[in-house]
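Trainee: I have a model open on my screen and would like to learn how its pieces pack together. Could you walk me through it?

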Amino acid sequence: MPHLDTIGRWITATTDRTLDQHAADPVPAAAHLPEAADNLRNLRTELLLAVDRLRTLLINEDDLNGSTSTVAGPVQTIRELAGEYRYARNWVDTLIGDEARAAYAQANPGRSVRRRYVNPGDTVLVVLPHTDSCRRQNLAGHATHITVGTSDARLRPPGSVNPLWLSHAESGIYRDPTEDRLYILQADADLAAPGR
C-alpha cells in the first residue's frame, strides 16, 4: 500500500533527513520522530478506513434503510479519530520544529545508516537511541545487546543483574511500514566506537 510511507516521505522532504537518520541523531526530538511518525501513520490509516466505511455506507444507501445511528456511529468514530490524529500531527510538528533538533541537523550531515531486519527472539547489538527515557537511565548512545520481543526488548544494563525491558521505540527497534517487518539501524561508526 503506497500510502503507508507517505509520512516518512513528508518528514524527509520537510527536514532533509530520513526517519532512520533522525533515529541515529543524538537529539531527543529527532530520536522520538520515528515513533511519532509511526503513531501518525497508524492513526491516518485508521481515519482513512473509517471514512471509507462511512462512504460505502452512504453509497449503498444503508443510511436510508436503517436508523439514524447507522450514520451517527461512524461519524462519531471519525470525529474521535480526527481528534487523535490532530494530537499525533501536533506531536510530529513539535518534534520537527524543535530548535535543538534543527540546530543539530543544520550543523551535522545526516549519518549514513543501514537497516538490519530482525525477528522476535533474535539477540542483536544496537546503539540505544537518544530518547528522553534512555537519557534519564544513562543508556542513550551505548551499544548494547538486546533480545527482540514482539513489542519490547530485553537488555541487561552494565553493572546490573536484573534485566530491563524497553519498548521497541526506546530500544532502537523500528517497523518498516511497507514490509511490516522489524529492523534495527547499524552505523559502522557507532558499533566500532571504543567504550561503547
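Mentor: Happy to, and keep in mind that this is a predicted model. Let's start with histidine 22, which touches Ile11, Thr15, Arg17, Ala30, Ala31, Leu33 and Arg101, leaving aside residues up to four places away in sequence.

Trainee: Is histidine 22 buried or exposed?

Mentor: Histidine 22 sits in helix 2, which spans residues 19-24. Its relative accessibility is 0%. Buried means under 20%, so histidine 22 counts as buried.

Trainee: Which residues does isoleucine 11 touch?

Mentor: We again leave out residues up to four places away in sequence. The contacts of isoleucine 11 are then Asp16, Arg17, Leu19, His22, Leu33, Ala37, Val92 and Ile96.

Trainee: Which element gives the largest share of the largest nonpolar core?

Mentor: That core has 18 residues, and Ile11, Leu33 and Val92 have the most contacts inside it. Helix 1, helix 3 and helix 5 (69-96) are the elements that give two or more residues to this core. The largest share is nine residues, and it comes from helix 3.

Trainee: How many residues are in the other core that lies apart from it?

Mentor: Among the members of that other core are Val118, Cys134, Ile146 and Leu155. Its size is 15 residues.

Trainee: How are helix 1 and helix 3 oriented to each other?

Mentor: The axes of helix 1 (residues 6-15) and helix 3 (residues 28-59) come within 9 Å and cross at roughly 135°. An angle over 145 would count as roughly antiparallel, and 65 to 115 as roughly perpendicular. Helix 1 and helix 3 are therefore oblique.

Trainee: Which residues make that contact, and how many of them are charged?

Mentor: Helix 1 brings Thr6, Ile7, Gly8, Trp10 and Ile11, while helix 3 brings Leu33, Ala37, Leu40, Arg41 and Arg44. By class, the contact of helix 1 with helix 3 has six nonpolar and two polar residues, and the number of charged ones is two.

Trainee: What about helix 3 and helix 5: how do they run relative to each other?

Mentor: Their axes also come within 9 Å, and they cross at roughly 160°. Angles over 145 degrees count as roughly antiparallel. That makes helix 3 and helix 5 roughly antiparallel.

Trainee: And how many nonpolar residues are in the contact of helix 3 with helix 5?

Mentor: The crossing of helix 3 and helix 5 is left-handed. By class, their contact has four polar and five charged residues, and the nonpolar ones number 24.

Technical notes:
Residues are numbered from 1 along each chain as its sequence is written. This is a predicted model: local features need pLDDT of at least 70, side-chain atom pairs count only at pLDDT 80 or more; totals for chains, interfaces and linings use all residues. Side-chain values use heavy atoms; hydrogens and water are left out. Axes are lines fitted to C-alpha atoms, for helices over the stretch in contact, and angles run from 0 to 180 degrees between N-to-C directions. Helices (H or I, at least four residues) and strands (E, at least two) are DSSP runs, numbered from the N terminus. Angles under 35 degrees count as roughly parallel, over 145 as roughly antiparallel, 65 to 115 as roughly perpendicular and the rest as oblique. Contact means heavy atoms within 4.5 Å. Ala, Val, Leu, Ile, Met, Phe, Trp, Tyr, Cys and Pro count as nonpolar, Asp, Glu, Lys and Arg as charged, and the others, Gly among them, as polar. A nonpolar core is a set of buried Ala, Val, Leu, Ile, Met, Phe, Trp, Tyr and Cys residues joined through side-chain atoms within 4.5 Å. Buried means under 20% relative accessible area, exposed over 50%, partly exposed in between (1.4 Å probe, protein chains only). A crossing is left-handed if the near helix is turned anticlockwise from the far one by less than a right angle, and right-handed if clockwise.
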